[in-house]
Amino acid sequence: MSLVRKKTIEQSIADTDEPEYQLKKRLTAIDLTVFGIGVIIGAGIFTLTGKAAAQYAGPSIALSFVLAAICCGLAALCYAEFSSTVPVSGSAYTFSYFSLGEIFAWIIGWDLLLELMLGASVVAQGWSEYAALFLNQIGLGWPSSIGPGSSVNILAMLLVLVLGTLATIGIKESLRVNLVLVAIKLFVVLFVIVAGLFYIKGSNLSPFVPASVPSPGGKVELTTPLIQAVLGFTPSTFGVAGLVSGAALVFFAFIGFDVVATTAEEAKNPQRDLPRGIIGSLVICTVLYVLVCIVITGMVKYNEIDPKAALAEAFKSVGKGGFATLISAGAVAGLTTVVLTLMIGAARVVFAMSRDHLLPRQLGKTHPKWGTPYRLTISIGIVVAIVAGVTPIGKLEEMVNIGTLAAFTLVSIAVPLLRKSRPDIKRSFTVPLNPVIPIIAALICVYLMVNLSLETWIRFLIWMALGFAIYFLYGHKKSRVGLEEKTGEVQKA
């Protein structure tokens, strides 16, 4: 049986009507935009901005965000075409199944799991740092022995378990909570921008692109970007190379828009609303990111930024501790929405894979009352809680990025291929200048991938090896499409 056997678009759409695997269509364009903003604004502003500025790019971190946004924007056009044409759960996994074939669908699905589950764990860890800071600021405190930086981060685990329960009960209920928290988060972000403008010092922004400096020791290490190690460059930070490395790191901040595509099957009018939700949330968030970057690096010299809580500490440094408390509260609310959205996205990807029998089919069944894949959501919540609770903080961000970039690359390639193989399909949204834009999107994604560290690539290859083992031992044999190919009969989900 072929590794590149394809699932037809017609079959993908027909699967959405099967009772045991039917999701409720309840989401509007506003829901989808809030969904995207809810996950995009959070990690980038509250946890990654300070780290990337201090360690990689300095004030030019604002340009790193622009570069990452351009990459995401091009990929977003590809996602918008696919998700509006074939509104089925699974995002890039589903798109690649009918355009590239099963083995590529598995690769992307496995990459998306890496992106979404590890992403939720990373953000839960960042949330625990701000939550502990906020509790200390209001006089309640949290025991350091079970908080961020400890051997078991109970604070992060509690957040994940509560949100996992909420996501299990229903997506519309989850988005009601999400809407309130996004409103709080946007207020705090706008407050930071407006208030911070009064404390910017021009000297802190100069030089805007700090001179490149050799990495400590000047030797190739596990933290050296792959491209520097392969081409024999002297490992360095800052400068143009630092700006690009910063973009590869803060790329994590933009992963939200593709999560919108995972909910395609639950949109009321996907042909119209999905492109609006995907592109609209990306544009809004990019503008806010750049402004916050300028404020942070203008308030504090880049080499003095505290990467753990950059925004709050920046206002403390100018004598505005009360502002820091407000920012910590906003970060707690903001990062909560990110974790919730990523967990919902992860559940929808595994749902699509189990419906195709590449993973155990019983996992994907929806609850008769809640209309959610409850078994999956509960299982994912437990796994994310464990990873967030026991993994050292700061070790997972790049792993999330490389999985995302790999998925973006394949989706971008798939657009012109599907245009050629299925020109008959009605497309309510099309990528302009095809195939130029999809090819450019793929090349930028690959370039950002090779600017990630050797350590990240080694971990990624191990993850992919595990994925291939599962596919060949289980998924390839049980595949619903494969059984239909073999028997000539349509298999039930």
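Trainee: How much space lies in the largest cavity?

Mentor: This is a predicted model, and what follows is computed from it. Rolling a probe the size of a water molecule over the atoms shows where empty space is left. A search of the whole structure in this way finds 4 cavities of 30 Å³ or more, and the space in the largest cavity comes to about 60 Å³.

Trainee: Which helix supplies the largest share of the lining of the largest cavity?

Mentor: The lining of this cavity has 10 residues, and those nearest its centre are Lys7, Ser12, Val88, Thr94 and Asp356; by class, the lining divides into 4 nonpolar, 3 polar and 3 charged residues. Two helices, α5 (92–99) and α14 (321–355), each give at least two residues to the lining. The largest share, 3 residues, comes from α5.

Trainee: Which helix gives the largest share of the lining of the second largest cavity?

Mentor: The second largest cavity has a volume of about 50 Å³, and among the residues that line it are Tyr56, Thr223, Ser245, Ala248, Leu249 and Glu398. By class, its lining has 5 nonpolar, 4 polar and 1 charged residues. The largest share of that lining is 3 residues, and the helix they come from is α10.

Trainee: How are the axes of α4 and α10 set to each other, and is their crossing left-handed or right-handed?

Mentor: Two packed helices are described by the angle between their axes and the distance between the axes. For α4 (residues 61–85) and α10 (residues 239–250), the axes come within 8 Å and cross at roughly 60°, which means that α4 is oblique to α10. As for the hand of the crossing of α4 with α10, it is right-handed.

Trainee: Are α2 and α14 roughly parallel or roughly perpendicular to each other?

Mentor: The axes of α2 (residues 29–40) and α14 come within 7 Å and cross at roughly 115°, and α2 passes α14 in a left-handed crossing. Angles of 65 to 115 degrees count as roughly perpendicular. The two helices, α2 and α14, are therefore roughly perpendicular.

Trainee: Which residues of α2 make the contact with α14?

Mentor: From α14 the contact takes Gly334, Thr337, Val338, Thr341, Leu342 and Ile344. The residues of the contact of α2 with α14 divide into 5 nonpolar, 4 polar and no charged. On the α2 side, the residues are Phe35, Gly38 and Val39.

Trainee: Where are proline 207 and proline 435 found?

Mentor: Most residues other than glycine have a negative phi, and most peptide bonds are trans. Serine 206 and proline 207, however, are joined by a cis peptide bond with omega about -5°, and asparagine 434 and proline 435 by a cis peptide bond with omega about 5°. Proline 207 is in the loop between α8 (171–196) and β1 (213–214), while proline 435 is in the loop between α16 (397–421) and α17 (436–450).

Trainee: What is the phi of histidine 357?

Mentor: Histidine 357 lies in the loop between α14 and α15 (374–390). Although this residue is not a glycine, its phi is positive, at about 70°.

Technical notes
Residues numbered from 1 in each chain as written. Predicted model: local features only at pLDDT ≥ 70, side-chain atom pairs only at ≥ 80, totals over all residues. Heavy atoms only, no water. Axes fitted to C-alpha atoms, helices over the stretch in contact; angles between N-to-C directions. Helix = DSSP H or I, 4+ residues; strand = E, 2+ residues; numbered from the N terminus. Parallel < 35°, antiparallel > 145°, perpendicular 65-115°, else oblique. Left-handed = near helix turned anticlockwise from the far one by under 90°. 1 Å grid on protein atoms, 1.4 Å probe; cavity = no way out; pocket = protein on both sides within 12 Å on 5 of 7 lines; lining within 4 Å. Points joined across faces, edges and corners; volume = space filled by probe spheres on them. Nonpolar A, V, L, I, M, F, W, Y, C, P; charged D, E, K, R; others polar. Contact = heavy atoms within 4.5 Å.
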